[in-house]
Amino acid sequence: VLIFIRPPTTEELERRLTNRGDTTERDIEQRLAVAEHQMAEALTVYDHIIVNDDLEVATAHVLDILTRLANDDR
């Protein structure tokens with residue numbers, strides 16, 4: 001089972017990377033380009049896509065998926 005965790009928007013991803021303060025502008029541009037590609041392919045590759053807009057909510061979604069998988073294996 002593949003789970004893709006994505007930012008709510010590329011603008012938010014850029015803001016997060018910039019606010020970290022440890023990433024160069026060039027690295028941010030490269031990361032954004034890779035992220036755009038990954039997010040576009042996620043729809044066809046991953047079983048679940050979770051938007052990381054709120055950490056607690058995103059974590060709950062992941063745990064729900066894992067719990068359902070564990071229960072299905074019983």
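Which residues of helix 2 are buried? The close-ups below take that up, using a predicted model.

**View 1. The whole chain, before zooming in.** Along the sequence you'll read a β-α-α-β-α pattern, made up of three helices and two strands. The C-alpha atoms fill a box of roughly 50 × 25 × 15 Å along the principal axes. The radius of gyration is 15 Å, whereas a compact globule of 74 residues would come in near 11 Å.

**View 2. Helix 2, end to end.** This helix runs over residues 25–45, 21 residues in total. From first C-alpha to last it reaches 29 Å, close to the 30 Å expected at 1.5 Å a residue.

**View 3. The buried side of the story.** Here's the answer to the opening question: I28, L32, A35, M39 and A42 are the buried residues of helix 2. In an α-helix, residues three or four places apart point the same way, because there are 3.6 residues a turn. The buried residues of helix 2 pack against strand 1 (3–6), helix 1 (10–20) and strand 2 (48–51).

**View 4. Into the largest nonpolar core.** Eight residues make up this core: F4, L13, L17, I28, L32, A35, M39 and A42.

**View 5. A42 and its contacts.** Set aside the neighbours within four places in sequence, and A42 touches F4 and I49. Across the chain, 61% of contacts with a separation of 6 or more join residues 24 or more positions apart.

Methods
Residues are numbered from 1 along each chain as its sequence is written. This is a predicted model: local features need pLDDT of at least 70, side-chain atom pairs count only at pLDDT 80 or more; totals for chains, interfaces and linings use all residues. Side-chain values use heavy atoms; hydrogens and water are left out. Helices (H or I, at least four residues) and strands (E, at least two) are DSSP runs, numbered from the N terminus. The expected span of a helix is 1.5 Å times one less than its number of residues. Buried means under 20% relative accessible area, exposed over 50%, partly exposed in between (1.4 Å probe, protein chains only). Contact means heavy atoms within 4.5 Å. A nonpolar core is a set of buried Ala, Val, Leu, Ile, Met, Phe, Trp, Tyr and Cys residues joined through side-chain atoms within 4.5 Å. The radius of gyration is taken over C-alpha atoms; the globule rule is 2.2 Å times the number of residues to the power 0.38.
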